[in-house]
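I opened this notebook to record what I looked up in the model.

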Amino acid sequence: MTNYILEYYEKIESGEINACKRIKQQYKKLVDDINNPKEPYIFDLELANKPIEFIETFCCTAQGSSMGMPMQLMLFQKAKLQATFGFVHQETKFRKYTEVFDLRGRKNGKTTENSALSLFMLIGDGEGSAECYFIATKLQQAYKGFEEALKMVSQSPLLSSHLKKRKTDLYFANTFSKLQPLASATQSLDGLHSHYVCVDELAAIKNRDIYDLMKQSTSAREQPLITTISTNGFVRDNIFDSQYDYACDVLDGKINDEHFLAFIYELDDVNEWEIEDCWIKANPALDVIKKRDELRGYVEKAKVDASFKPTVLVKDFNVKQSASTAWLSWETLNNEATFNIKEMGFKYGILGFDRSETTDLTAATLLLMKPNDDTIYSHSMYWLPSMTLLERSKEDGVPYSTFHTKGLLRTSGDYKIDMRDVLDWVVEIREQYGIYILWCGYDRWHVDDSTLDNFKSELGRDAMIPVRQGAITLSDPMKNFEADLRANLINYNNNNLTKMCLVNTEIKVDTNGNIAPVKGRDPRKRIDGTISHLCAYTILMDKKNDYLNMIG
């Protein structure tokens with residue numbers, strides 16, 4: 001019989017298989033435990049092969065062109081199963097490992113593998129009255145694994161002759177055992193006596209009680225098994241993060257838990273998502289179960305679609321992200337083109353501003369266009385309270401004093417921005433350059449009635465247009481703005497404060513793929529210049545035909 005753990009580790013060590021740090025850690029430990037057994041546990045190759053032999057003998061795939069064909073487990077799957085089932089107590093032969101954390105990129109055979117394993121746990125593990133469960137946030141998700149198991153049974157005459165599909169479960173009369181899908185409504189999980197639990201998509205489960213209840217439900221079994229299968233997710237500080245951190249601490253030797261196995265397939269560095277040779281680190285079934293061309297297509301799309309990139313990083317490469325992530329790459333946002341506003345002959349512009357009172361910058365942006373020229377020219381000014389200029393420079397690590405000297409930033413008030421200074425700048429634009437502002441976009445929540453009245457008196461009552469700061473309003477403008485940046489159609493005069501704000505801006509993606517700008521966790525990373533641009537750009541997109549007619 002082949003020891004797949006050793007074979008897999010040898011290929012990792014030789015470089016034939018490009019594995020991530022966490023997989024290397026786990027298999028180094030497993031190989032050491034095989035070569036140097038630690039009492040009271042030994043490695044039993046015959047027991048290690050039992051689930052593999054069962055799955056490849058009795059379970060058939062039910063999807064695609066291979067439907068009806070016996071399952072052929074890949075080397076990484078066989079190594080995992082041998083690790084889970086091969087280490088046993090030298091006297092009782094009960095399994096050492098009772099909990100398995102399995103993190104892989106999507107479409108790497110997790111659900112199919114665990115569906116087949118659930119049948120082994122139901123039939124082949126020798127447990128009387130075994131209760132085997134698929135658990136997920138929604139019953140529909142739990143049913144995926146369960147229905148896959150049903151299809152395997154239906155394709156096997158031998159399995160079909162011993163297993164009976166009842167209303168809510170699959171029943172094995174010989175040992176009075178059952179396999180059942182359950183949703184994560186905690187009130188329905190009390191009183192269980194679990195032998196095998198498969199928690200599907202752990203990252204989607206928000207309530208820690210669910211996992212704890214299922215773990216406690218195995219306490220009376222002699223060799224239970226809980227497997228969690230998941231990709232990474234967007235929700236942070238939940239049960240997934242807790243289990244992931246626990247798994248890493250076990251691998252790092254910070255926690256001694258001899259009953260816990262962790263198979264973490266992920267990129268070692270976020271920048272590896274664009275390096276094709278590294279994709280296998282998070283996708284061990286690449287080229288066999290998961291199609292390389294399909295993944296390549298996802299990556300290429302993510303390079304040009306900011307709203308899609310977080311999904312690829314999280315779901316295909318298991319890169320930990322929050323619901324927000326960086327919006328623009330440096331290649332997209334960097335434009336070193338400049339212009340001299342005095343010499344451009346601009347007549348009309350569209351203003352946008354983002355007001356702060358104390359801590360943040362206040363930013364105002366004027367967008368301008370010329371006839372027969374697709375370029376959108378951006379002229380911006382920034383303000384900080386005079387008494388906080390040095391403090392902000394020190395705390396933010398940004399040379400605001402230098403920007404002030406260069407005329408990119410002005411001071412306003414002592415400790416609080418005076419919006420009359422912003423309005424004075426608007427008047428200055430008109431008087432110095434002959435540029436009249438047609439419309440002004442602003443965030444209504446940051447503008448008081450007095451400020452609004454002052455701007456209306458100067459620009460006109462209908463010129464002030466509120467721009468809601470949410471995904472419904474800003475998603476399309478942001479995507480168009482990004483496309484214009486990529487095409488070098490946004491000339492922001494190489495303003496380093498504007499560039500800083502664009503670099504700092506993160507996006508939050510909702511369930512419909514809409515995006516909205518957000519600050520990162522570091523409050524020192526200002527994004528006010530991005531917001532002022534988006535306020536003006538949103539109005540420009542809405543009024544573009546009228547604007548182009550006005551400028552001739």
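**Conventions.** I count an angle under 35 degrees as roughly parallel, over 145 as roughly antiparallel, 65 to 115 as roughly perpendicular, and the rest as oblique. Axes are lines fitted to C-alpha atoms, for helices over the stretch in contact, and angles run from 0 to 180 degrees between N-to-C directions. Helices (H or I, at least four residues) and strands (E, at least two) are DSSP runs, numbered from the N terminus. I note that the model is predicted, that local features need pLDDT of at least 70 and side-chain atom pairs pLDDT 80 or more, while totals for chains, interfaces and linings use all residues. Residues are numbered from 1 along each chain as its sequence is written, and side-chain values use heavy atoms, with hydrogens and water left out.

**Entry 1: α17 and α19.** I looked up helix α17 (residues 471–486) against helix α19 (residues 528–551), and found their axes 10 Å apart at an angle of about 100 degrees. The two helices are therefore roughly perpendicular to each other. From α17, the residues T473, L474, P477, M478, N480, F481 and D484 make the contact (heavy atoms within 4.5 Å). Their partners in α19 are H533, L534, Y537 and T538. I sorted residues by class: Ala, Val, Leu, Ile, Met, Phe, Trp, Tyr, Cys and Pro count as nonpolar, Asp, Glu, Lys and Arg as charged, and the others, Gly among them, as polar. The contact of α17 with α19 has six nonpolar, four polar and one charged.

**Entry 2: α1 and α2.** I then took helix α1 (residues 4–14) and helix α2 (residues 21–35), whose axes come within 10 Å and cross at roughly 135 degrees. α1 and α2 are therefore oblique to each other. Their crossing is left-handed; that is, the near helix is turned anticlockwise from the far one by less than a right angle, whereas clockwise would be right-handed. On the α1 side I listed I5, L6, Y8, Y9 and I12, which meet I23, K24, Y27, K28, L30, V31 and I34 in α2. By class, the residues of this contact are ten nonpolar, no polar and two charged.

**Entry 3: α1 and α4.** For α1 and helix α4 (residues 75–86), the axes come within 8 Å and cross at roughly 130 degrees. This pair is therefore oblique, and its crossing is left-handed. Y4, I5, E7, Y8 and K11 of α1 meet L75, F76, K78, A79, Q82 and A83 of α4. I counted seven nonpolar, one polar and three charged residues in the contact of α1 with α4.

**Entry 4: the largest pocket.** On a 1 Å grid over the protein atoms alone, a cavity is a set of points where a 1.4 Å probe fits but cannot get out, and a pocket is an open set with protein on both sides within 12 Å along at least five of seven lines; lining residues have an atom within 4 Å of a point. Grid points are joined across faces, edges and corners, and a volume is the space filled by probe spheres set on the points. The largest pocket has a volume of about 1500 Å³. Of its 44 lining residues, K107, N108, G109, K110 and T111 are the closest to its centre. α5 (110–123) and α6 (139–154) each supply at least two residues of the lining, and α6 gives the most, with five. I record twelve nonpolar, 16 polar and 16 charged residues in this lining.

**Entry 5: the cavity.** I found one cavity of 30 Å³ or more. About 40 Å³ of space lies in the largest cavity. Its lining consists of D33, P37, K38, Y41, I42, F43, F87 and K96. Strand β1 (residues 41–43) gives the most to this lining, with three residues. The lining divides into five nonpolar, no polar and three charged.

**Entry 6: backbone.** The peptide bond from E39 to P40 is cis, with omega near 10 degrees; P40 is found in the loop between α2 and β1. S129, a residue other than glycine, has a positive phi near 50 degrees. S129 lies in the loop between α5 and β4 (131–136).
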